[in-house]
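Please find below my notes on the two-chain model you passed along for comment. They are set out as numbered points so that each can be taken up separately.

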Amino acid sequence: MTEDLQQRRATGADQPPVGAPTPRRRLPTLELLAIALVAAVLLRPRFAGLLDGDALQTWSTIFVSITIQALPFLVLGVLISGAIAAFVPPLALTRLLPRRTIFAIPVAGLAGAALPGCECGSVPIAGRLAARGASPAAAFAFMLSAPAINPIVLVATAVAFPGRPDVVAARFTASLLAAIVVGYVWARYGDPDLIKDAKGYDESATPWSMFGQVATHDFLHAGGWLVLGGMTAATLQVIVPRSILNTLAGNEVIAILALAVLAVVLAICSEADAFVATGLSQFSFTSRLVFLVVGPAVDIKLIALQAGVFGRRFAMRFAPLAFVVAVACAVGIGLAAGAITDNPSWTQGVVVQ
Amino acid sequence: MDERTQGALLLAVGGVTIRLGLSDAAFNFIRPEYVPLQLIAGTVLLVLGAITLLRGLRADVSDVVDGRGPDEGHMHHDDDVQDAVAGGQGHAHGHDHAQGPRVAWMLAAPLFAILLIAPPPLGSFAANRQSGVIQSSVSTYGPLPPAEGDAVPLRLGDYTVRALYDPEQSLEGQRVRLTGFVSRQEADGEEGWLLTRFALNCCAADGTAINVEVVGDQPAPAVDQWVVVEGTWRNRDGHEIGELSAEPPLLVVESVQTTEQPVEPYEI
């Protein structure tokens, strides 16, 4: 692509031919954004009457609070994932893994705890690992565990659920377990041909430039999804009729399935999903644990990423596997946590009367 | 969105975050101890935004220098990234890097919400959507705080668990002072109006409404009005102290004063 472009520049072939219609202009998005923001500030008194509805204000309070609360954790997460993408050589990881797959998988799963960052980062890293000869099953165990059990996520979960260390412990255990199980299942049944063409991040960009770009891009992506997640939680709190909420949150099986699907549809970054879960206050902790474990393992953003790095056929097989294992592990650990702590909030939702 | 817009969006998010953190409005959303984190995060975003915006502006300048039109050519914003993509189809994101992720536009939503709506702290609307059941969370209640003036000031959370569950009835005969807002003027066919305050665990998203039913001959203030109420506790007929109750505790009112919303509207 570079050579081609250079050639075209040299011959002038990259200019539109004389007489051809001018290329369509993209929307001047920057200008529109600036105008809209300035207008919002200046016209605020005019809008005051229109936007005073109780439901709208409460909805806004909830989704803004989720976004604001999660912001520092998101920022920290993208800074670190950018740093890892830019400065950490992937070979370091492969050398640390044991040779035999049966041991490499749990070690790779645990290694995820050391690498903070969003799921956006772990997929390309797993791609690099696989491309460099690491056992694919171990790479996948790492790919699933790194976004879910790293320190930032655990701290964020502790902040989101103060006084509930059992929730943090359950999230760590269930996600690690799910990562290891998926690794073993893939080692046993997976088709190695599916990942022959694994693509990794290219390292030819200068490290600091790559750091800045990855951090910026990841924040924009994750921030957007965080807002969507916050809006969803706010909508459940404020707008969804109580009868529907009673049905969703009052029945454990429905609650688990609903939050599992929600986790797939809302591709929220793992540093931030605990704050969205905290907004789902009618739901039992087991169903919320399902939300927290499924999210970093499989969601629409991850499926797209995995399809890009490992190929579509792979993604079509891996996503359902990860989903089923994640739900099963989360439900199992949730029930165990409820039994161990004797706390009914694990299995019962608080239904709005 | 091109790189300039990405940078501008980051600058806007960072700027609004910092402005929010420096104002009292932050307390509508988060606990006070997390405000410093907001300021730090906002600063980082300002830096990232400035860098991205500058890179976008430089790309535009180089477009002009190379004789390209404003929107033609230059599909990649930086030679480094060009090489990276050329090298091995590296970025597995499945979209053109210079475009930026479209979902990022959602980040504009909280900006406009804060600027246009200026969301208030949770009020009567949110309180009335909750069941209001208060659970006992402590087993020993400790001594009451010292009186200020002729009444003991108590948080609603403190008052309600003592009123419903304290076996030693530490509230007996005590004149107490409670601060909250009116969430309902007639509490479902019962005598009084509901005094409410929200308790936060994490942030406004998980706020729990704590209610006290105020009975007596004082007229109910307007809904969502903040008031300071002084009165004494009376046990509700039929309620066994120590048992879980679906109904809020009672307060027999002696004086009601309207007041301003406190700077920190939530109880932690």
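The points that follow begin with conventions and then go through chain A and chain B.

1. Conventions. This is a predicted model, in which local features need pLDDT of at least 70 and side-chain atom pairs count only at pLDDT 80 or more, while totals for chains, interfaces and linings use all residues. Residues are numbered from 1 along each chain as its sequence is written, chains are lettered from A and ligands numbered from 1 in the order in which they are written, and side-chain values use heavy atoms, with hydrogens and water left out.

2. Helix α3 of chain A. This helix covers residues 54-87, and its 34 residues reach 49 Å from the first C-alpha to the last, close to the 50 Å expected at 1.5 Å a residue (the expected span being 1.5 Å times one less than the number of residues; helices are DSSP runs of H or I with at least four residues, strands are runs of E with at least two, and both are numbered from the N terminus).

3. A nonpolar surface patch. A:Val38, A:Val41, A:Leu42 and A:Leu43 together form a nonpolar patch with about 370 Å² of accessible area (areas come from the Shrake-Rupley method with a 1.4 Å probe, and for residues only the protein chains shown count as cover). Patches are made of residues with over 30% relative accessible area and no salt bridge, with like charges joined within 9 Å and nonpolar side chains (Val, Leu, Ile, Met, Phe, Trp, Tyr) within 5 Å; a salt bridge is a side-chain nitrogen of Lys or Arg within 4 Å of a carboxyl oxygen of Asp or Glu. One of these residues, A:Leu42, belongs to helix α2, residues 29-47, and counts as exposed because its relative accessibility is 62%.

4. A:Gly332 sits in helix α16 and is partly exposed at 37% relative accessibility; its C-alpha is 8.8 Å from that of A:Thr286, 46 residues away in sequence. A:Asp342 lies in the segment after α16 (312-341), is exposed at 67%, and has a phi near 55°, a positive value in a residue other than glycine.

5. Chain B overall. Its 6 helices and 6 strands run α-α-α-α-α-β-α-β-β-β-β-β from the N terminus. Of the 268 residues, 53% count as buried, and the chain exposes about 11600 Å², of which carbon and sulfur atoms supply 52%. Among contacts (heavy atoms within 4.5 Å) with a separation of 6 or more, 69% join residues 24 or more positions apart.

6. Two loop residues of chain B. B:Ala118, in the loop between α4 (108-117) and α5 (124-128), has a positive phi of about 45° although it is not a glycine, and is partly exposed at 31%. B:Gln225, in the loop between β4 (208-215) and β5 (226-234), is partly exposed at 26%. Leaving aside neighbours within four places in sequence, B:Gln225 is in contact with B:Gly180, B:Phe181, B:Val182, B:Thr258 and B:Thr259, and its C-alpha is separated by 8.2 Å from that of B:Gln261, 36 residues away along the chain.

Note on methods
Buried < 20%, exposed > 50% of the residue type's maximum accessible area, 1.4 Å probe, protein only.
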